[in-house]
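Here is a short briefing on one protein chain. Please keep the sequence and the 3D view open while reading.

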Amino acid sequence: QGAGHKAPRRRALLEFERAAEDALLGRILSLIEPAGDDHKLTPAFLLCLCVQHSATAFAPGDFGQLLLKAARRIQRTVRWSRSQECSPCLPSQDPASLSRLTMSDLLPDLQHILFWMSNAIEVLYFVQQKSPTYLQSMEEELDIKGRTWGRCRSKESLFSSTITASEEAMTVLEEVIMYTFQQCVYYISKCLYVSLPALLECNPFPDEGREPWRPAPALPDELRRVVLVYQAALDLLRQYEVHAEVTAQMFAYLFFFSNTLLFNQLLEKGSSLGCFHWSQGVQLRACVRLLLEWLRGAGFEQLARQFFAKLASAADLLAMPGSQLLQMSWSCLRGEFPALSPAQLRRLLSHCEVAMDVGPVAVWRPDDEDSAAALRHEEVLESFDNHPPIVLPSGGFKVDLDVETLDDNIYRHLLYIRHFLWSLRSKSPCGSNGTSPVPSKLLSGRLVTGSCARRLLTPNISLPLKNEATSTIHVPEVPESAGPALGGPAEPDGVPGGSEEPLQEKLQQLQLGRGAAPTDPSCLLTPPTTPLNFEPGSPEPPAGTSLPELRRNGPNGTRGASPEGSGCSPTPYDYPTPASSSRSSATDDFCYVFVVELERGPLGLGMGLIDGLHTPLCSPGIYIRTLVPASPAAADGRLSLGDRILAVNGTSLIGADYQSAVDLIRSGGKKLRFLVAKSDTEIAKKI
């Protein structure tokens, strides 16, 4: 049976209510720390799911407003300010003031910029692809209903306003992409501006003064510093999953900047540079060729040859022996170095005449065809304004809502967002059916509900269980006289908080992993970074990995931003992750949680399960519906009808559907460990 193990089905679905939009967008945009280890495109994936749900479940036209709201939020998140826009051209800055600048110094800013650039690109493409379909469906729906939407809005005005909102959202996203692209180039150019000038005086043949036993370095130091900037930029762009075409355009811009800076300095400084003497001209040519060779190995051969053409041509001219150069006519030189304009070629030859001390060379005089162009001084230097254009890609994107296998990291965040929405509903004054649900409150990351003494919901169910078949945790009722939790404000609905220390003590009675229970109370809940499915034969997490370490790379692991509109400060570790539901769950009012180990009998385990959504309870969860007499499940003596199965062999069932739960149990082996929550009689009656 173990060979037929199949991972639970993962649905790329995010359902929410219209009133939760603002809190949802705020949580998604603050969920991932750009410098962390989480999947970099998680916000784009979740935002696309939001747009999809709004377009298919809400009133016609709502998705346009949601889209515009999300685009503006992204714009504010990247600290948009036109006054901050800077040109990558930095000739006015003093190199001495930037001499200590490295890519490491710029890393925090670059991480933030690249993170939102890559996400904005993916969201923009999704909108461009899906908006026409959504608008067509909207028009068909309005035609079928045959009436106006809103009090005073006709079909035409609603349709027009939706198109306007969608187009404005796409414009905002395009501006975000352009802005972040320019800022990224600006920051990287700062480092290049410091390192590049040394290439003009670089000696790639450092044999003089080197001990024979020391191997020659692959690259001279001057060139290595430049290459390190390129490599660091390439690593960042790949790490943040920036679109391949945008990455290529980024390097085209950087190569353009590098070539322009070096070529202009070569023409401006002229014969004062040593490279205008033949021996050092050979060194410059070798250095440029080493750079082009490294860029070819990095996958940028065509771009490098295109944008370094002028510098390479100038280096080739300066490396030409003087006797050969003096014999070449103007027309021959124009044919040999076509990348150089007449004005640029004439300026280079003028500097060579000074360096060679030969006076005016008659054969270098421009012919009649080029005489006018050679005198255009404004065309000598390259302009930083003539950079390559930024063209948004049209294919090759990574966010796909129809993907068959969803990335583990993204799926964990999706489950977290589902429960975040679920917690918002459970705190709302009214449920979706208009009735008042059981008052609830999140206390230090633990969901505490009303009637059954405000009990703790879920201990850590992410790690395999020990052989503690008789281990039971009883969570006492929180005294009504208890003060606010953790020194926080009193409950607005009059429900007092609870004392945290007794809860911690009770949790520590239930050993759910090897070794002592963690002392950090936040570690007692399921970290989103733990594996979604431990193999049945894996009794423990990877060697050397403790539970607090597993939290380190979780969603937004370095901070705990409060969701908008929330009176508490939950972190991503504060919630278990049930499936998204439009109902407020009243089923998590457990009296205690315990571990049961069962061995399959000839006829199986002897218990039937059901999804709580398909019962009068109308809430998600896997519950025991039947117990077969004399079966292993009935013989244990602790299981009852209505009990909820929280985990199987260390794999959480919170958020899983019925078929996924059945598949896990069938493939779990002969012996299975269940984490079970005892339900009260009111819940059991509804199962």
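Predicted model: local features only at pLDDT ≥ 70, side-chain atom pairs only at ≥ 80, totals over all residues.

Residues are numbered from 1 along each chain as its sequence is written, and side-chain values use heavy atoms, leaving out hydrogens and water.

**Whole chain**
- The chain holds 20 helices and nine strands. Helices (H or I, at least four residues) and strands (E, at least two) are DSSP runs, numbered from the N terminus.
- Of its 687 residues, 54% count as buried. Buried means under 20% relative accessible area, with a 1.4 Å probe and protein chains only.
- Take the contacts between residues at least 6 apart in sequence: 79% of them join residues at least 24 apart. Contact means heavy atoms within 4.5 Å.

**Helices H3 and H5**
- H3 (residues 62-77) packs on H5 (residues 155-195) at an angle of about 20°, and their axes lie 8 Å apart. Axes are lines fitted to C-alpha atoms over the stretch in contact, and angles run from 0 to 180 degrees between N-to-C directions.
- H3 is therefore roughly parallel to H5; that label covers angles under 35 degrees.
- The H3 residues that meet H5 include Phe63, Leu67, Leu68 and Arg72. On the H5 side, Ala165, Glu168 and Val172 are among them.
- By class, the contact of H3 with H5 has 10 nonpolar, six polar and three charged residues. Nonpolar covers Ala, Val, Leu, Ile, Met, Phe, Trp, Tyr, Cys and Pro; charged covers Asp, Glu, Lys and Arg; the others, Gly among them, are polar.

**Helix H10**
- H10 (residues 309-318) is mostly covered, with eight of its 10 residues buried.
- Those buried residues include Lys310, Leu311, Leu317 and Leu318.
- The cover includes helices H7 (244-269), H8 (278-297), H11 (322-326) and H13 (342-356).

- S5 (residues 607-611) and S6 (residues 622-627) pair in the antiparallel sense over five bridges. Two strands pair if DSSP finds at least two bridges between them.
- Gly608 stands opposite Thr626 in S6.
- S6 also runs antiparallel to S7 (residues 644-648), joined by two bridges. Here Ile622 stands opposite Ile645 in S7.
- Tyr623 sits in S6. Tyr623 is buried, at a relative accessible area of 0%.
- The C-alpha atoms of Tyr623 and Gly612 are 6.5 Å apart, and the two residues are 11 residues apart along the chain.

Notes:
Parallel < 35°, antiparallel > 145°, perpendicular 65-115°, else oblique. Buried < 20%, exposed > 50% of the residue type's maximum accessible area, 1.4 Å probe, protein only.
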